[in-house]
Amino acid sequence: GAAPVAPAPIAASSDVYLCDFRRPRRIPNERLRSLEAIYSRFAVSLQVLLTSRLRESTDVTIASVEQALFSEYIFSLANPCAAFVFDLGAGLDGQGVLDVGNDFAYHLVDRLFGGPGESGEVRRALTTLERMVVKSVVDRAFGLFAEVWKDHLPFQPVQSGFESVPEALQIAQRDDSVLVTNIEVRTGDFSGLLALCIPLV
């Protein structure tokens with residue numbers, strides 16, 4: 001009989017990747033680069049805002065932009081958290097979440113009330129007054145978020161809720177894919193992460 005034919009080698013290509021059928025990759029590399037560019041502009045705008053409001057030099061960088069399951073996002077949040085839920089607005093269905101993190105929330109509160117920014121690692125949920133103080137900065141951040149996205153999607157985020165318990169967040173089903181952006185904030189001796197989550201749909 002004829003000798004078996006060896007399979008042709010697969011040409012190396014940036015379009016070839018391993019597929020996880022339980023959680024298929026849905027963000028092509030070129031789209032991911034575009035997203036990273038959008039969020040890098042957001043980081044620059046946020047840095048200007050925080051430097052102004054905190055009255056001290058602040059460094060804001062994008063730690064990661066990645067696809068995840070909503071359950072993974074929830075699991076990544078500390079308990080208690082400081083999660084501001086927002087409607088996407090402009091006729092776009094769905095909601096997003098910006099968790100500013102308890103440590104950064106208390107740093108903000110202390111600085112905005114004239115303190116040195118020492119949170120003392122408080123392990124309780126924000127009070128109503130503290131939440132309103134942080135919301136004043138978060139609302140400005142939402143405006144910056146809409147600005148950097150305006151040429152791509154007409155987001156008009158408006159805060160619609162607040163959760164201090166990660167498990168209570170219900171903006172998506174646990175197995176839904178979401179876009180998670182981790183934003184690192186460094187100011188003075190403080191360093192923390194903000195975690196922004198929007199539906200991948």
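1. The accessible surface of the protein comes to about 11,300 Å², and 53% of that area belongs to carbon and sulfur atoms; accessible areas here follow the Shrake-Rupley method with a 1.4 Å probe, and for residues only the protein chains shown count as cover. The model is a predicted one, in which local features need pLDDT of at least 70 and side-chain atom pairs count only at pLDDT 80 or more, while totals for chains, interfaces and linings use all residues. Residues are numbered from 1 along each chain as its sequence is written, and side-chain values use heavy atoms, with hydrogens and water left out.

2. The protein has four helices and six strands, and from the N terminus on these elements run α-β-α-β-β-α-α-β-β-β. Helices (H or I, at least four residues) and strands (E, at least two) are DSSP runs, numbered from the N terminus. Of the 201 residues, 42% count as buried, where buried means under 20% relative accessible area, exposed over 50%, and partly exposed in between, with a 1.4 Å probe and protein chains only. Among contacts between residues at least 6 apart in sequence, 69% join residues at least 24 apart, a contact being heavy atoms within 4.5 Å.

3. The six strands form an open sheet in the order β1-β5-β6-β3-β2-β4, with antiparallel pairing. The edge strands are β1 (58–69) and β4 (158–163), each of which pairs on one side only, and the twist averages 20 degrees from one strand to the next. Two strands are said to pair if DSSP finds at least two bridges between them. In general, strands of a sheet pair through backbone hydrogen bonds, either parallel or antiparallel.

4. The pairings can be followed strand by strand. β1 and β5 are joined in the antiparallel sense over eleven bridges, and V60 has V185 in β5 as its bridge partner. Ten bridges join β5 to β6, again running antiparallel, and I183 stands opposite L194 in β6. The hairpin of β5 and β6 has two residues between the strands, and in this hairpin G188 takes a positive phi near 60 degrees. Strand β2 (residues 83–89) pairs with strand β3 (residues 92–99) over six antiparallel bridges, with D87 opposite Q95 in β3.

5. Strand β5 is mostly covered, nine of its eleven residues being buried. L69, which lies in strand β1, counts as buried at 18% relative accessibility. L69 and L179 are 110 residues apart in sequence and 8.5 Å apart in space, C-alpha to C-alpha.

6. Helix α1 (residues 29–54) lies across β1, β5 (177–187) and β6 (190–199), running at about 140 degrees to β1. Helix α4 (residues 128–149) packs on the sheet, where it touches β2, β3, β4 and β6, and its direction makes about 35 degrees with that of β2. Axes are lines fitted to C-alpha atoms, for helices over the stretch in contact, and angles run from 0 to 180 degrees between N-to-C directions.

7. Helices α1 and α4 also pack on each other, at an angle of about 145 degrees and with their axes 9 Å apart. Residues of α1 including L35, F42, L46 and L49 meet residues of α4, among them V137, L144, F145 and W149. The residues of this contact divide into 13 nonpolar, two polar and three charged; Ala, Val, Leu, Ile, Met, Phe, Trp, Tyr, Cys and Pro count as nonpolar, Asp, Glu, Lys and Arg as charged, and the others, Gly among them, as polar.

8. Helix α3 (residues 102–112) has eight of its eleven residues buried, so it is largely enclosed by the rest of the structure. The buried residues of α3 include F104, Y106, H107 and R111, and the buried residues of this helix pack against α1, α4, β5 and β6. G114, with a positive phi near 95 degrees, follows α3.

9. Some backbone details deserve a check by eye. Most residues other than glycine have a negative phi, and most peptide bonds are trans. The peptide bond from N79 to P80, however, is cis, with omega near 5 degrees, and P80 is found in the loop between α2 (70–76) and β2. R55 is not a glycine, yet it has a positive phi of about 55 degrees. R55 lies in the loop between α1 and β1 and is exposed, with a relative accessible area of 51%.
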